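Below is a walk through one structure, taken element by element. The text looks at a helix, then at charged pairs, then at aromatic rings.

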Amino acid sequence: MAWTTGKYSRVAVFLHDGNQWYAYAFMYQKSIWYTLEQISQPGKNPRQIPPSLFEFAEKNKVRRVRIVLSQNVQKLENVELPYDATPEEQQTVIALAFTQTTGQEFGTVRVASSFADSFRMGGTNETFYAAGFETAQLELYDKSCQSAGLRFDGCGVFELAALAAGVRLHDESRFLILKRDTGFYAVGATDQLPMMTSGIALGLSPEDRSQTERLQTDRLQTERLQTDRLQGAARRLNAQKSIPLQVWYSSGVDEKRIEELRAIIDSETPLSFTGISEVAEEIAREVIVTAEPGVPAGGGAVVGLPEKELSPYRAGTWIFCFTLIFAIIFTIGTYCKLRTDMNNINTKIADWEKLRNERKKWNDKLAAIDSQRSRNEKIIKILNRKNPLPPILVPILLELNENMPIYTRLTEIEQISDDELLLTGYTLYQDGFLQLRPKLNQKMNEYKTLVELKTLEKTPDSNEQKFVLRVYPP
């Protein structure tokens, strides 16, 4: 069978779902990528590619390899790409925004990024979803592929490729890409909320449980942590329970984990569970159709190492270098002395900077201790009172429980004095909230207490409005 070269040469996709490797060989023919063959193999270490995968690539006469790995996905907003930027210039802009978000060192990671609108879930083309791959790890993959006679195209993001495949197969749904103890959750935009993606913790993994037993951790505390994580996941997954939920789980997820998840999802939600082994080929296909690695694309975005530039003036450069060497001979003594002096100065600057940073660190710790001490003193003062709680607290909470409007939540109660409170919260339903204060005043008149709306303002990062109610005797 004939096979092509260049960007349409045969390609292998090595996909790791956190517990198992899947390998697919693709061939491009008549504008379609066809699957030639596939294999799977257990393996929990994504940094070490099994030799059998390279043998599989050689057997199918593959020229190029793309690797798909699970990563932490970050949302990048307000990133402007120049319209005439080269792929490497685009990579620089996105990598800078990514490292500013994650706190990683710029230059140590290469970033695979996807346009939010490519998922057809209401995202915009000004928003990116991105994940970083360590440059050192990409170099190891490149070296391994070269040793096997293959060209390394780059790495793609498992979560983004799975989301793109899921939208293609199941439109108008929510998606949860589930691993052993965490998940990647995505829900499309609504009239009030934008497209949202986030990580979800689903309780303790078997490794976590065994570790707590070895360390003799308090069993009640462990069970409480497990319950809290599941309850948090339930609140997030049931917030839009009318939208169908597609759950794609990796090979490392046991039946107990699936049953725990099934138990916390509202019975009204149309729910479907699919193993990654059943859809791994569709995920790999998202990666294979990405034409140009290193630039923003859809869910199958791939990033590799930068292209090595070859200078067309190499011969002239060598001549210049030899000439320069002879010139350096006459100035080498002065250069060495200046270099030594510069190193000494830089060493002193580094030592001084280290001392400044250490002093700042201890000052910060001292400030934190002072702040904690002040808070503890306030708490002790309140606890030493015979009646630490103001008498109007319970009545106002009871009234809020009965009259709180929908899409409204209370986040903070602050005691200003013995008979004065500040209630802080957020609402998406302004009309209903404005009807709350008259109802509260009507009831609180019995306690000779007035409820006053102190502030009501829109929060900058969401559609919610922040409010502050003052409860005090007139």
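**Rings, charges and a helix**

Tyr 141 has a relative accessibility of 2% and counts as buried, where buried means under 20% relative accessible area, exposed over 50%, and partly exposed in between, with a 1.4 Å probe and protein chains only. The model is a predicted one, in which local features need pLDDT of at least 70 and side-chain atom pairs count only at pLDDT 80 or more, while totals for chains, interfaces and linings use all residues. Residues are numbered from 1 along each chain as its sequence is written, and side-chain values use heavy atoms, with hydrogens and water left out.

Helix H2 covers residues 87–102; helices (H or I, at least four residues) and strands (E, at least two) are DSSP runs numbered from the N terminus. The expected span of a helix is 1.5 Å times one less than its number of residues. For the 16 residues of H2 this gives 22 Å, and the end C-alpha atoms are 22 Å apart, which agrees. The buried residues of H2 are Gln 90, Gln 91, Ile 94, Ala 95, Ala 97, Phe 98 and Thr 99. An α-helix has 3.6 residues a turn, so residues three or four places apart point the same way. The buried residues of H2 pack against strands E5 (74–77), E6 (109–115), E7 (127–134) and E14 (302–303), with contact meaning heavy atoms within 4.5 Å. After H2 comes Gly 103, which has a positive phi near 85°.

Side chains of opposite charge can pair when their charged atoms come close. A salt bridge is taken as a side-chain nitrogen of Lys or Arg within 4 Å of a carboxyl oxygen of Asp or Glu, and by this rule the count is 24. One of them joins Asp 153 to Arg 66, with the closest N and O atoms 2.9 Å apart. Asp 153 belongs to strand E8 (residues 151–157) and Arg 66 to strand E4 (residues 64–69), so the pair ties together parts 87 residues apart in sequence. Both Asp 153 and Arg 66 are buried.

Glu 420 and Arg 470 form another salt bridge, their closest N and O atoms being 2.8 Å apart. Here the link runs from strand E16 (residues 420–427), which holds Glu 420, to strand E18 (residues 465–472), which holds Arg 470, so parts 50 residues apart in sequence are tied together. Glu 420 is buried at 16% relative accessible area, whereas Arg 470 is partly exposed at 25%. Shared partners also join salt bridges into one network of Arg 64, Arg 66, Arg 151 and Asp 153.

A pair of aromatic rings is described by the distance of the centres and the angle of the planes. Rings of Phe, Tyr and Trp (its six-membered ring) pair if their centres lie within 6.5 Å; planes under 30 degrees apart count as stacked, over 60 as edge-to-face and the rest as tilted. The structure holds seven such pairs. Phe 119 and Tyr 129 are edge-to-face, at 6.2 Å centre to centre and 75° between the planes. Phe 119 lies in the loop between E6 and E7 and Tyr 129 in strand E7, 10 residues apart. Phe 119 is buried, at 1% relative accessibility, and Tyr 129 is buried with a relative accessible area of 1%. Tyr 141 and Phe 152 form a tilted pair, 6.0 Å centre to centre with 50° between the planes.
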